[in-house]
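Please open the structure in a viewer and keep a selection tool at hand.

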Amino acid sequence: MTSPARGAPCCAPARGEDSPLSQPSAPAPRSGDRAARDACAVTLPGGEFRMGDAFGEGYPDDAEGPVRTVTVEPFRIDATAVTNTRFAAFVRDTGYRTDAERYGSSFVFRLLLHPDARDAVLGAVAAAPWWLGVAGACWSAPEGPGSGLDGRADHPVVHISYGDALAYCAWAGGRLPSEAEWEYAARGGLDGCRYPWGDDFDEARTNTWQGDFPQVSSRPGGVTGTVPVTSYEPNGFGLHNTSGNVWEWCADRFAPGAGDERVIRGGSYLCHASYCNRYRVAARSRNTPDSSTGHGGFRCAWDLAER
């Protein structure tokens, strides 16, 4: 494991240029998993909305502004991030191996490292030493060897690369949402607000860091990590957790024509105002398409014509 790629924010550590794989995984064949898709998705009417940071609170390098009027077509999107249960069904059906499994390692937040995984630590990220490269960390062992998914069936799947997300979406007959679709859906019909519920932050409505980041968590029981995908009230469109819990891949390149990094949205359980104020609905970040982390997941979208 290596330090974040040049220009990458240290809240989303990336694999370096010396990685043994240079391309994301190829999408798996479609299987027509229509019943699972329809059980999890909501239909949105589309239309015009104001996209971007209306408060000037974004990090300059993230290019959240200017606020502009964007039009999206009607589409369907998952009401929640893809869960461990849903991803496990995909793996059973296709035999798919994630990029983390193919590389043999992924990034784990140090306070969540499983005790049995201490000997599997490959090193810390120089720019963000709270991130550890851990051999054997993957979607089914999210805190490294010794950890598992007991009690987490309804948690978002993590350690998912952009390529892995594409593969699942293809299997489900869909795609990743565009960045504009993601923000439109995340806003839930509210115009220009900071969060899916309004302008005032409410820690009871999102899974973000509480305490002194990254050393001390003030949450009862300590560091939380992921929580079930329906833990908090949905927004006006019926979507859960579009602020906090896990970062979600979007289809778009972060900067068209300037590299292969892809957009991630929504923030995660590690976001905090003192360090990473990216749990606002306008906030955006990025990572390389073969990178995976313990706070990175996704949700699917579908064109209405795909029904």
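Begin by selecting His 159, which counts as buried because its relative accessibility is 0%; buried means under 20% relative accessible area, exposed over 50%, and partly exposed in between, with a 1.4 Å probe and protein chains only. The model is a predicted one, in which local features need pLDDT of at least 70 and side-chain atom pairs count only at pLDDT 80 or more, while totals for chains, interfaces and linings use all residues. Residues are numbered from 1 along each chain as its sequence is written, and side-chain values use heavy atoms, with hydrogens and water left out.

His 159 is found in the loop between strand 7 and helix 4. Helices (H or I, at least four residues) and strands (E, at least two) are DSSP runs, numbered from the N terminus. Inspect the backbone here: phi of His 159 is near 60°, a positive value in a residue other than glycine.

Next, select Arg 152, which lies in the loop between strand 7 (128–135) and helix 4 (162–171). Leaving aside neighbours within four places in sequence, Arg 152 is in contact (heavy atoms within 4.5 Å) with Asn 84, Pro 142 and Glu 143. With Glu 143, the side chains make a polar contact at 2.6 Å. A polar contact is a pair of N or O atoms within 3.5 Å; within protein, one must be able to donate a hydrogen and the other to accept it, and residues adjacent in sequence count only if both atoms are side-chain atoms. A further distance to display is that between the C-alpha atoms of Arg 152 and Val 229, which are separated by 10.0 Å and lie 77 residues apart along the chain.

Val 229 is also one of the contacts of Thr 83, to be selected next. Thr 83 lies in the loop between strand 4 (75–78) and helix 2. Is Thr 83 buried or exposed? It counts as buried, because its relative accessibility is 9%. The side chain of Thr 83 reaches the backbone nitrogen of Arg 86 at 3.2 Å. Beyond four places in sequence, the contacts of Thr 83 also include Ala 153, Asp 154, His 155, Pro 156 and Val 157.

Now select helix 2 (residues 84–94), where Asn 84, Arg 86, Phe 87, Ala 88, Phe 90 and Val 91 are buried. Just after helix 2, Gly 95 takes a positive phi of about 70°.

Helix 2 and helix 4 pack at an angle of about 80°, with their axes 11 Å apart; axes are lines fitted to C-alpha atoms, for helices over the stretch in contact, and angles run from 0 to 180 degrees between N-to-C directions. Helix 2 is therefore roughly perpendicular to helix 4, a term for angles of 65 to 115 degrees. On helix 2, the contact is made by Arg 86, Phe 87, Ala 89, Phe 90, Asp 93 and Thr 94, and on helix 4 by Ala 167, Tyr 168 and Trp 171.

Two cis peptide bonds may be visited next. One joins Gly 65 and Pro 66, with omega about 0°; Pro 66 lies in the loop between strand 2 (47–51) and strand 3 (68–72). The other runs from Phe 213 to Pro 214, with omega near 0°, and Pro 214 is placed in the loop between strand 8 (211–212) and strand 9 (216–217).

Finally, select Asn 241, in the loop between strand 9 and strand 10 (247–253). Its phi is near 55°, a positive value in a residue other than glycine. At 11% relative accessibility, Asn 241 counts as buried.

Note on methods: Angles under 35 degrees count as roughly parallel, over 145 as roughly antiparallel, 65 to 115 as roughly perpendicular and the rest as oblique.
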